[in-house]
Amino acid sequence: MSLTGSEIAAMIDHAVLKPELTRAEVDAELATAERYGVFSACVRPSDVAHAAQVLDRVAVCTVIGFPHGTTSTAAKVAEARQAIADGAVELDMVLHIGWLRSGMIAEVEADIAAVVAAAGGLVVKVILETVFLSDAEIVAACGAAERAGASFVKTSTGFAGGGATAAHIALMRASVGPSVQVKASGGVRDLATLQELYDLGATRFGTSGSAALLDAAAGLDVRAEASSY
């Protein structure tokens, strides 16, 4: 099914995560999120309270243990609680990649479960950083995230190279049950890629290129509408 512009916007987490962004640049990105009506703006933890004040029709998302996933579980829990107190309604946490690659699956699961508990029912997305993982490790990570109660598994931070691939989205979708969704992040820069990943099972997309994607989608919508007359 070809997605419409409004359907695409409803699946985008607009990424506002670059460490060098000034407050003025953050505000410009928040304005973009509002203008295009994306699902959420995913901001740095220190920007959550500000984003919650600025945004009207767009949800506030933030990152936990970002970008390496190697902070302690206690630190991730504290970060999650602060983010929620500041106004975040979704949390994208990075799992402990080194633990995962060491085969410490129980520890990875407990780390995720602690953040899920701290979220108190809010959406938690677990970032796997697939560029570092084998297929078997991706499957193991998906299982740990699902057992821990996560709402989504997500491909990438966008800060480690690589990004969402068709093969990884298909594998992640096959590795979790229907209650867990898949988020594609990193490298989603054009409509063809987004549509392909959607067809493979991704239902949320993280990108800093929301404006270009949605401008292109608007053009497609106009042409489709014209052809129906």
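# A guided tour of the predicted model

E129 is found in the loop that joins β5 (123-127) to α7. Helices here are DSSP runs of H or I with at least four residues, strands are runs of E with at least two, and both are numbered from the N terminus. The model is predicted, so local features need pLDDT of at least 70 and side-chain atom pairs count only at pLDDT 80 or more, while totals for chains, interfaces and linings use all residues. Residues are numbered from 1 along each chain as its sequence is written, and side-chain values use heavy atoms, with hydrogens and water left out.

**Stop 1: E129.** Select E129 and inspect its backbone. Its phi is near 60 degrees, a positive value in a residue other than glycine. Is E129 buried or exposed? E129 counts as buried because its relative accessibility is 2%; buried means under 20% relative accessible area, exposed over 50%, and partly exposed in between, with a 1.4 Å probe and protein chains only.

**Stop 2: F66 and P67.** Next, select F66 and P67. The peptide bond from F66 to P67 is cis, with omega near 0 degrees. P67 belongs to the loop between β3 and α4.

**Stop 3: helix α4.** Continue to residues 73-86, which form helix α4. This helix of 14 residues reaches 20 Å from its first C-alpha to its last, close to the 20 Å expected at 1.5 Å a residue; the expected span is 1.5 Å times one less than the number of residues. Colour K76, V77, A80 and A83, which are buried. Seen down the axis of α4, these buried residues fall within an arc of 130 degrees, so they line one face of the helix. The arc is that of the directions from the helix axis to the C-beta atoms. An α-helix has 3.6 residues a turn, so residues three or four places apart point the same way. On the other side of α4, A74, R81 and A85 are exposed. Which elements do the buried residues of α4 pack against? They pack against α3, β3 (59-64), β4 (90-94) and α6 (105-119), where contact means heavy atoms within 4.5 Å. Just after α4, G87 takes a positive phi of about 125 degrees.

**Stop 4: A51.** Move to helix α3 (residues 48-54), where A51 lies. A51 counts as buried, because its relative accessibility is 1%. Leaving aside residues up to four places away in sequence, A51 touches L30, V43 and V60. The C-alpha atoms of A51 and V26 are separated by 8.8 Å, and the two residues are 25 residues apart along the chain.

**Stop 5: the largest pocket.** Finally, select A15, G158, G186, T207 and S208, which lie nearest the centre of the largest pocket among its 24 lining residues. The elements that give two or more residues to this lining are β1 (12-16), β7 (181-185) and β8 (202-207). β1 gives the most, with 3 residues.

Note on methods
On a 1 Å grid over the protein atoms alone, a cavity is a set of points where a 1.4 Å probe fits but cannot get out, and a pocket is an open set with protein on both sides within 12 Å along at least five of seven lines; lining residues have an atom within 4 Å of a point.
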